[in-house]
Every structure is written in C-alpha cells, then in structure tokens.
Amino acid sequence: MTPFGPLAITADDYGLTDGINGGIASLAQRQAITGVSVMCHPAARLEHTTLLKNSGVLTGVHLVLLEERPLLTDDPGLNPILDRRGRFPDSRGRLFRLILLKPWVLPALKREVEAQINRFVELGLSLDFINSHI
C-alpha cells in the first residue's frame, strides 16, 4: 500500500513482439503486475493470449493510431492520414495536425478504434480498460 492507496502496475504493449509477450505473460502468471494492455493492430502477435486470460490480471485494449498499419486497410477514409507505407503517423503531433487539417477523417478513425476493440473482444479477454499513446 502506498500513501495514495494500492499500487497498480500495468504492462503495456502486449502484442508488439514475442519477447515482450513472453515477459508480460511471465509477470502476469506470477501476479507481479495488475494489468496488461493488448495491442490489436494487424501485425500484433496475439497467439498466446490464453496465458493472460488464465492469469487473473486486468486486461485492456491498447488502441494503436501511431506508426502501425490500421486494421481497416481498405477504409478510404483513413488514406489522408496514412503514410506511403500505409501506416499511421509516427507522432501524436503529426496525427493531431492531420486531424486538424482533415477533420473529415474522424469517422474513419472511429471505425478503426471500433475494429481494434472488436478484435480485442474476439480474443475472449475481459475488457477492463482502454489505453493508448495518444
């Protein structure tokens, strides 16, 4: 217990690499963390999420709107903010500038967020929270 109440430790970026996944799963199995945020972009490594499901830690979706490809690669509404490689902008500042200059992309971003949440739910994990780097 800290002077501010119980300490919660959330491991971020599950799905980014197999190495990160292994470390996070090990911490979750030992109850050394209280939560795990799971990335659900197309390249996310999500083969072993049952390790999280059985660990008892809180799980949440880590929304990805920077640097990676969107799940909705065929959504033309996202094209104005994707780079030549079909990836989201590489920084919050660039993403927010693009949204300010092209606000008509917001409905497409909403669809992308919903798609990532749906992919998370399909994993069978409990949606206890949502986080992101933006």
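Leu123 sits in the loop that runs between α4 (106–122) and β4. With a relative accessibility of 18%, Leu123 counts as buried, where buried means under 20% relative accessible area, exposed over 50%, and partly exposed in between (1.4 Å probe, protein chains only). Its C-alpha atom is 9.7 Å from that of Cys40, 83 residues apart along the chain.

This is a predicted model, in which local features need pLDDT of at least 70 and side-chain atom pairs count only at pLDDT 80 or more, while totals for chains, interfaces and linings use all residues. Residues are numbered from 1 along each chain as its sequence is written, and side-chain values use heavy atoms, with hydrogens and water left out.

The protein has 4 helices and 4 strands, taken as DSSP runs numbered from the N terminus (helices H or I, at least four residues; strands E, at least two). Along the sequence they follow the pattern β-α-β-α-β-α-α-β.

| Item | Value |
|---|---|
| C-alpha span of the protein along its principal axes | about 45 × 35 × 20 Å |
| Buried share of the 134 residues | 40% |
| Relative accessible area of Ile130 | 47% |

Ile130 belongs to strand β4 (residues 129–132) and is partly exposed. Together with Val121 and Leu127, Ile130 makes a nonpolar surface patch of about 250 Å². Patch residues have over 30% relative accessible area and no salt bridge; nonpolar side chains are joined within 5 Å, like charges within 9 Å. A salt bridge is a side-chain nitrogen of Lys or Arg within 4 Å of a carboxyl oxygen of Asp or Glu. Accessible areas come from the Shrake-Rupley method with a 1.4 Å probe, and for residues only the protein chains shown count as cover.
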